[in-house]
Each structure stands twice: as C-alpha cells, then as structure tokens.
Amino acid sequence: MTDATTDGRATLPVGGGRDGMLGPYGSRLLHGWHATGGAADLDEHLRRYGPPPFPRSTDAAARLVRAVEDAGLTGRGGAAFPTGRKLRTVAAGRGTAVVVANGMESEPASRKDETLLSLAPHLVLDGAALAAAAVGADVAHLCIPRTRQDQAHALREAVEKRRRPGLDPVPVLVHELPHHYVSSEETSLVRWLNGGDARPMATPPRPFEKGVGRRPTLIDNVETLAHLALIARYGPGWFRSAGRPDAAGTTLVTLSGALRTPGVYEVPMGRPLGEVLDVAGGAAEPLGSVLLGGFFGSWLPVGQALRVPFAKQDLASLGAGPGAGVIVALPGRACGLAEAARVLGYLAAQSAGQCGPCRLGLPAVAADFADLAWGRPTQELTQRLEGRVGLLAGRGACRHPDGASRFAATALRVFADDVRHHLSLGPCAAAGHEPVLPVPETPAPADREWR
C-alpha cells in the first residue's frame, strides 16, 4: 500500500536494478543513493564524480555535442527526441542560447523527476551547466512546480553551494511554476519565463528557434540532463553498455498499480516489459492490462504488454511509447472504463481552455466516458463517443487533446469486453471500487492560477 501526497500522487519507494547489468557505475543515476542511502551533497558528489568536464573552447563544445549524439541519448520527458540533435540545432541558432531544465513532472502517475532531484540534484545541475556550455548559453533555468517548496529550497541551496567556488560557468536559476497538467509543456515554460501564464502557446516558432527572450532555447527533462552529465564524464561507449544499440542507456521508471513493491526504478532500455515489472517484485495479483506513458499514454492488454520490449521502436508498432517512464499495472478485478473515465474527467478539467477541442471536445468525451462507466449507456452513446474521440487529435493549439485522444481510444479498444458488459448489463460492481490510478482533485476555474 502506498501513501498519498497532498496533490493526490502516490508516495513511492526508490529501487534499483537487481542484476548488475547496468554497467561499471552500478545503477548510474541512482548509484549514489544505493551507495549511501541518502541524497548526495556537493562534497560527496564531487568525491564520486569530480568536477564537471566543461568544454573550454568551441571545438570542445562541438565534441561534447558529438559525444551525446554518439551515445544515442534520447529525451526522457516523453517525446524521446534525440538529445544530440537538439543540442546541435540550438547551438546553430541565431543569438545567445538559453537552457531550461524541465522538472515540472505534472503527470500524476510519475515520481521519477522529483526523486532524481531529491537524491542526485548535482547530477541534474551538472547536466544543465554542461548543456549551457555545449550550446553557448549564458543562463540556465530549472523549473519545478510550486507545490514542492521544500525541494525548491533545497535546490536553491545546492545552486548557492556551487556558486561559491565558481563551479558553474553560467548562473542556474530555480523557478516555481503553477502546478497544472499542461504547465510542463515546453511552450508553457517559455511563456511563463517570458512573464506570461504557464499555458501552452501555438507553434511555430518552436522554442529552439525563438524561446525565452526570443532566443534559441534548449528545453530538456531533468533526467535527460543527468544522463548528459554522465556521458560527458564516461563517454558514449559507457552509456551504450546498457540497453540496446537502437535504445541505449538506462531510464528511470515509475512502477505502480498491482505490483509487490511499487516505486521509482532504473532499468536498461529495451528490456521486455514483464522483466521491468519484475524489478518491482512482479504482479501482486492477476493483471488485466498495463498503462504505458501515464495519462497521455496507451493501454495494452497484459498478454501483449509483458512481451514487448520497453523501447520506442517496439512500442510504436503497438501504438504506444515509453513516454516519461510511467507504467501502471491494472489488476484484472478493476473496471478499466471507470479508471479511464476518472482520468479523462481530470484531463478535461486540467486543460488551458484556449481552443475548441479542450473547451468543448474533451469535456464531451469525458462526460460520455462517465456515462459509459457509471450510467446507462446505449449503442448510440458508444458510436458518438468513438466519433468524438476521433475528432480530438491534431486540432488543438497544443498536444493536450492528442494525448487525451490516445488514452481514450486505446481504453475503448482494450476494454471492449467491459464496454459490451456495461451496454448489456449496466455498470459492473468494480466500477464503484477504489481507483487504482492516482487522480488528483482539480481546483475550480476561479481558484486556478496560471502565473
């Protein structure tokens, strides 16, 4: 049983790999925690890793970018975009660049970024400063939600300890942003840092073209930057010693649901999903399905899910992806329609409300799903719902409707048996059970702050 935080998310233990397959530095990002059982301060961090190898010339910066490319590092925030290509594009932009480290983690089922910033803050700060040196930036911003005030205070203390000996070549500024689901989207960060609301903006231009201060802006997830800090020290070959050639390195995953020891774990990319669940002790009861990628993710039937490798290429063939490393094991006794309805109600309430799909389409889909889960659904309802879900994707000012559409469409497909049951017999008994997925309460519109 897990505890709950004030924002409705689960409090999870931290785990690591069990098989020694993660390379000569143990579990890599979480190695320090496994060695000491606590967060690393600056002195301990420097004893373990030494100072960051900042490039001192244009050629050295180019070599660092090339090392990240050769390592095959991809973004760990959800999109899995090649990090080296991002670095190269921003470095080639017009004007002095800016770096933004995204630690917002607004996905309720994820705890990996909060855990990493708590246990290894200096790896993230190393990565932010190294990325700034690689792209020629003169400042780095670290963004976290203002619901984590204790962590913000600890991070500012860590930044100050690094400033005194002049460790970083650029200033690193810690910011606390409003905590909404869409506030972690990269254009939301840019808009907020430019003095506006933490809501997504329409693109183009993309942040790498004109971002903070209309300058080329590199935005990377905090885990991505921590991996970059280790690649700069140990090289691309070391990074590739874990994972697969087409899915390199390790990744942090948040494993929850019907597992014996839910928590945040570090696993090699490309391992079968069943083996990934095994690091959390395996299933605590028979499973019915697996959610990959959180509230913007995809549902898979358990038999299919356990065999597929946890890698972008393999999951894409099933209409899924690794996302931000969220994996929820749903027990067979749960009602998938009720779980999905709660999430879609949350996503509808969490939108920025800036365009038709979010103001009208998503609330309509959420209401239809609620009727399907707890009301008296008809065949006409399911036909209408399928049509509405198909109209969400690709029509919004941001990708919020796209993620909700994927979540809803895969729920209808994977829980087709539940749909038939609800149509013929009404809501199942499980529809009224305690939810498995952590769905926080959303403040009323008048109480929501964006600035």
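Start by selecting Arg156, which is partly exposed, with a relative accessible area of 38%. Here, buried means under 20% relative accessible area, exposed over 50%, and partly exposed in between (1.4 Å probe, protein chains only). Arg156 sits in helix α7 (residues 149-163) and Glu176 in strand β5 (residues 172-177), so the pair ties together parts that are 20 residues apart in sequence. A salt bridge is a side-chain nitrogen of Lys or Arg within 4 Å of a carboxyl oxygen of Asp or Glu. Helices (H or I, at least four residues) and strands (E, at least two) are DSSP runs, numbered from the N terminus.

A word on what is on your screen: this is a predicted model, in which local features need pLDDT of at least 70 and side-chain atom pairs count only at pLDDT 80 or more, while totals for chains, interfaces and linings use all residues. Residues are numbered from 1 along each chain as its sequence is written, and side-chain values use heavy atoms, with hydrogens and water left out.

How many salt bridges does the structure hold? There are 25. One of them joins Lys86 and Asp220, with the closest N and O atoms 3.3 Å apart. This pair links distant parts of the chain, 134 residues apart: Lys86 is in helix α4 (residues 83-91) and Asp220 in strand β6 (residues 217-221). Lys86 counts as partly exposed at 24% relative accessibility, whereas Asp220 counts as buried at 3%.

Next, select Arg244 and Asp314, whose salt bridge has its closest N and O atoms 2.6 Å apart. Arg244 belongs to strand β7 (residues 243-244) and Asp314 to helix α12 (residues 312-316), distant parts of the chain 70 residues apart. Arg244 is partly exposed, at 21%, and Asp314 is partly exposed, also at 21%. Then pick Arg76, Lys112, Asp113 and Glu223, which salt bridges with shared partners join into one network.

**Backbone stops**

Most residues other than glycine have a negative phi, and most peptide bonds are trans. Go to Thr203 and Pro204: the peptide bond from Thr203 to Pro204 is cis, with omega near 5°. The following bond, from Pro204 to Pro205, is cis too, with omega near 0°. Pro204 lies in the loop between α8 (186-193) and β6, and Pro205 is found in the loop between α8 and β6.

You will find Ala80 in the loop between α3 (58-71) and α4, and Ala80 counts as buried at 12% relative accessibility.

**Rings**

Finish with the aromatic side chains. Rings of Phe, Tyr and Trp (its six-membered ring) pair if their centres lie within 6.5 Å; planes under 30 degrees apart count as stacked, over 60 as edge-to-face and the rest as tilted. By this rule the count comes to seven aromatic pairs. Select Tyr181 and Phe295: their ring centres are 6.5 Å apart and their planes at 15°, so the pair is stacked. Both Tyr181 and Phe295 are buried. Tyr181 also makes an edge-to-face pair with Tyr346, at 6.1 Å centre to centre and 90° between the planes. Ring pairs link Tyr181, Phe295, Phe296 and Tyr346 into a cluster.
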